[in-house]
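I opened this notebook to keep track of what I looked up in one model, beginning with the overall fold and ending with single residues. The entries follow the order in which I went through them.

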Amino acid sequence: MKSESVSGANVPPRARQRNDRDLSDCVRVLTEVHEHDGYPVNWPDLPGAWLTPPSLIASWVAELDGRIAGHIGLSRSGVEDAAPGLWSTRAGTSIDATAVVNRLFVAPWARGHGIGALLMARAVTEAQARGLHPVLDVVASDTAATALYERLGWQLLATVEQQWSPEQKVAVRCYAAAT
């Protein structure tokens, strides 16, 4: 039996739950994304800890050609999140009925393979399986991310200004998954 190389086989990307062994590869990919796109806007002092916040419910990675190509997390709402409050007010429910989709990034070399949509679907499915409504906040200047969310049918709740530090005010677009 002849075997093709993984890169020549056109194997589609796959998503799986992130494990502790993936963290260093995730930080490496996040570094590439930050250098290429400026995400995250403010580079964290401890990128591994940034990917594993205490509020984390679950996280996944996407693999392409045997390499980590993307990441997404699902977390409980935090005080810095605007979308959960907007959605819960609109829906007449508690903020606790939401889950925040966060820490989504795709390696520059792996774009165009549907990885962002694959990871979003995984996070949405998990949130809904837990009886939670997925929401997210995204920096308004991140037009590629907003285009993805809107293409996937997410609803814009509002654009709000957040004070991230005494010197930094940021416009944030708040989205909720379609109901």
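**Entry 1: ground rules.** I am working with a predicted model, in which local features need pLDDT of at least 70 and side-chain atom pairs count only at pLDDT 80 or more, while totals for chains, interfaces and linings use all residues. I number residues from 1 along each chain as its sequence is written, and side-chain values use heavy atoms, with hydrogens and water left out.

**Entry 2: confidence.** I looked up pLDDT, which is the predictor's confidence in each residue, from 0 to 100. The protein chain averages 94, and 95% of its residues score at least 70. I noted residues 1-7 separately, since pLDDT stays under 50 there; counting a contact as heavy atoms within 4.5 Å, the model has 5 contacts beyond four places in sequence for this stretch.

**Entry 3: the chain as a whole.** I counted 5 helices and 7 strands in the protein chain, and along the sequence they follow the pattern β-α-α-β-β-α-β-α-β-α-β-β. The radius of gyration is 17 Å, close to the 16 Å that the globule rule gives for 179 residues, so the protein chain is as compact as a globular protein of that length. For the record, this radius is taken over C-alpha atoms, and the globule rule is 2.2 Å times the number of residues to the power 0.38. I also noted that the C-alpha trace spans about 60 × 35 × 30 Å along its principal axes.

Among contacts with a separation of 6 or more, 65% are between residues 24 or more positions apart. I take buried as under 20% relative accessible area, exposed as over 50%, and partly exposed as in between (1.4 Å probe, protein chains only); on that scale, buried residues make up 43% of the 179 residues. The accessible surface comes to about 9500 Å², of which 51% belongs to carbon and sulfur atoms; these areas come from the Shrake-Rupley method with a 1.4 Å probe, and for residues only the protein chains shown count as cover.

For the charges, I count Lys and Arg as positive and Asp and Glu as negative, leaving out His and the chain ends, and I place each charge at NZ of Lys, CZ of Arg, CG of Asp or CD of Glu. The mean positions of the 16 positive and 19 negative charges are 6 Å apart.

**Entry 4: around helix α1.** I found D22 in the loop between β1 (14-17) and α1, where D22 is buried, with a relative accessible area of 6%. Leaving aside residues up to four places away in sequence, D22 touches R16, Q17, V61 and I68. From D22 to V41 I read 19 residues in sequence and 23 Å in space, C-alpha to C-alpha.

H34 lies within helix α1 itself (residues 23-37) and is partly exposed, at a relative accessible area of 23%. I located P40 in the loop between α1 and α2 (47-50), and the peptide bond joining Y39 and P40 is cis, with omega about -5°.

**Entry 5: positive phi values.** I looked up D65, in the loop between β2 (56-64) and β3 (67-75); phi of D65 is near 55°, a positive value in a residue other than glycine, and D65 is partly exposed at 33% relative accessibility. R103, in strand β4 (residues 98-106), also has a positive phi, near 55°, and is not a glycine, but R103 is buried, with a relative accessible area of 19%.

Entry 6: Beyond residues up to four places away in sequence, E126 touches W60 and L74. G131 lies in the loop between α4 (115-129) and β5 (133-139) and is exposed, with a relative accessible area of 61%. Lastly, I noted that G131 and C26 are 105 residues apart in sequence and 28 Å apart in space, C-alpha to C-alpha.

Terms used: Helices (H or I, at least four residues) and strands (E, at least two) are DSSP runs, numbered from the N terminus.
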